Amino acid sequence: PFIVEAAVAAQSVASLAALSEFLDFSKEEPNSLPETFLYAAAFSPRPSGELLHLVLDKLDGKQLAPEIWETGIVAVGSLVGKLCQQKLCGLQQEVERGMETILRGLSGAEEEPEVVICLLALGNAMLPGTIPTLLEHAEEGPAAVTTTAISALRRFPARHISSKVKRAMRRIFHEKRKSYDKTCRLAAAEILLDNHPSPMDVINILLATKEMETEMAKLLLLKVQNSLHAHHHPARKIMKDIMGDPQINNYHFFSKVGASSSFSGPLTVTQDLLSTFGLDLLFLEGGFLRKSVSEFSLFSCGRRLHAAQVTIEAQGMESMMGENTSDGEEEPELMAGMSVTFFDVQLRPIVFFQGYTDLMAKVLLSSGEPTSVVKGNLLLMDHHQVIPLQSGLQVTIKLQGGLGLDISADMDVGIWEQELKSSTNARGSLSMDFQAELDSPFLQATLRSQTEVGTSIHFDTTLRFSSSPVLMCLQLRQEQVPYR
């Protein structure tokens with residue numbers, strides 16, 4: 001695996017030819033080398049058209065294992081997006097072929113999971129021309145499709161969130177055309193609040209919480225309050241002006257009782273960089289955890305980078321325990337899963353179980369081993385620059401940054417103990433190599449710096465529903481960080 005990752009990072013003619021000859025996509029092995037190759041390609045900092053060409057050739061016209069096809073489509077979206085960022089959209093024939101592959105997969109998808117994967121790929125590509133397609137699926141699709149399409153739209157910069165996009169989000173949030181799942185409505189509200197909202201949008205969202213279920217209203221009100229404390233939030237000034245109105249900013253309005261919570265705050269603040277940690281927990285009225293989102297973001301020079309975002313969802317648990325779903329909502333299928341976004345690349349979602357039969361099989365046959373989401377070594381930075389000095393000499397600067405990464409997750413449902421446990425483990429080590437070299441006939445000088453840092457974060461939840469109220473324990477652990 002390490003040699004495959006190194007060959008992708010090199011992206012030379014020879015290394016790509018060797019990968020083409022060596023990789024066999026026809027073998028149906030879990031955690032196989034093809035998946036290692038596809039993830040390494042998806043995270044490549046400056047991919048070439050030749051690398052995308054190789055990925056498309058390996059995916060084209062073959063009977064692939066579902067996991068390989070899903071990872072491949074997600075990787076194609078990431079490669080297309082990065083090539084377009086390099087202003088190669090119209091110059092590379094492979095970019096057009098990549099987009100055609102994704103859109104063809106979307107139009108030909110017969111199952112809901114296939115639609116979701118293609119929408120994730122469009123989110124990775126972040127091309128403005130795909131916004132109408134995402135809007136169509138956001139308004140018309142079932143709950144999972146709607147949520148995925150809105151999540152893809154959330155990744156676009158504010159300049160692409162036009163009045164047309166905002167009108168569609170208003171229709172979803174206020175349920176103008178049909179009823180939507182609570183996670184869809186919350187995602188639509190976040191797009192409206194995070195992209196230079198109008199005062200009327202903020203007021204209407206706040207007023208709508210009076211008619212909502214307690215847990216959904218609680219989470220939304222906490223997100224509004226969080227934006228008041230976040231200096232980087234684009235709606236902060238508008239929120240402060242609206243909170244000057246005592247008819248809205250009062251105890252009766254904001255004293256919703258519920259278990260759901262939303263928190264965000266800074267981890268590191270410097271003159272050039274702001275890093276934040278956020279945690280959203282959405283519960284159902286009966287006390288079950290519906291969705292948890294933990295997110296690490298970096299803000300610098302007016303841009304935002306999703307360093308890591310882990311989402312765990314469990315749906316249909318209330319029906320298993322004999323509780324009724326809310327009015328207007330479709331009966332959700334019993335399911336638990338997880339999705340991860342890492343360095344702005346959305347990975348293939350992991351399903352822990354789907355359906356009651358699958359749940360019972362996992363409970364009875366569980367190996368106790370966590371599910372690996374992504375594991376490998378990634379080249380994150382690759383910079384080469386020649387700087388001419390006033391003296392006529394030249395300095396050559398090289399900067400490379402590599403990341404070793406291991407993210408795994410586990411969800412365990414104890415039917416007899418009536419407990420639901422989930423754990424997410426993220427381990428990473430970053431290595432940076434900087435070299436500045438001055439080379440002339442009469443003088444040679446080299447300056448070299450190497451930096452290594454490792455970290456590990458564990459997020460555990462335990463939910464005990466044997467009694468009422470439901471008991472919940474959350475634990476976020478960070479091990480000591482070695483820095484060399």
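**Exercise 1.** Determine whether Asn226 is buried or exposed, and find what its side chain meets.

*Solution.* Step 1: Asn226 has a relative accessible area of 16%. Buried means under 20% relative accessible area, exposed over 50%, and partly exposed in between (1.4 Å probe, protein chains only). Asn226 is therefore buried. The model is predicted: local features need pLDDT of at least 70, side-chain atom pairs count only at pLDDT 80 or more, and totals for chains, interfaces and linings use all residues. Residues are numbered from 1 along each chain as its sequence is written, and side-chain values use heavy atoms, with hydrogens and water left out.

Step 2: Asn226 sits in helix 13; helices (H or I, at least four residues) and strands (E, at least two) are DSSP runs, numbered from the N terminus.

Step 3: Setting aside neighbours within four places in sequence, Asn226 is in contact (heavy atoms within 4.5 Å) with Ser262, Phe263 and Ser264. A polar atom of the Asn226 side chain lies 3.0 Å from the backbone oxygen of Ser262.

**Exercise 2.** Work out where the buried residues of helix 12 lie and which helices they pack against.

*Solution.* Step 1: Helix 12 covers residues 199–208, and Asp201, Val202, Ile205, Leu206 and Ala208 are buried there.

Step 2: Down the helix axis, these buried residues fall within an arc of 160° (taken from the directions from the axis to the C-beta atoms), so they line one face of helix 12.

Step 3: The buried residues pack against helix 10 (163–173), helix 11 (182–194), helix 13 (214–229), helix 14 (236–242) and helix 15 (251–254).

**Exercise 3.** Locate Thr424 and state how far it is from Thr461.

*Solution.* Step 1: Thr424 belongs to strand 10 (residues 419–439).

Step 2: Thr424 and Thr461 are 37 residues apart in sequence and 9.0 Å apart in space, C-alpha to C-alpha.

Technical notes:
Polar contact = N/O pair within 3.5 Å; in protein donor to acceptor, adjacent residues only side chain to side chain.
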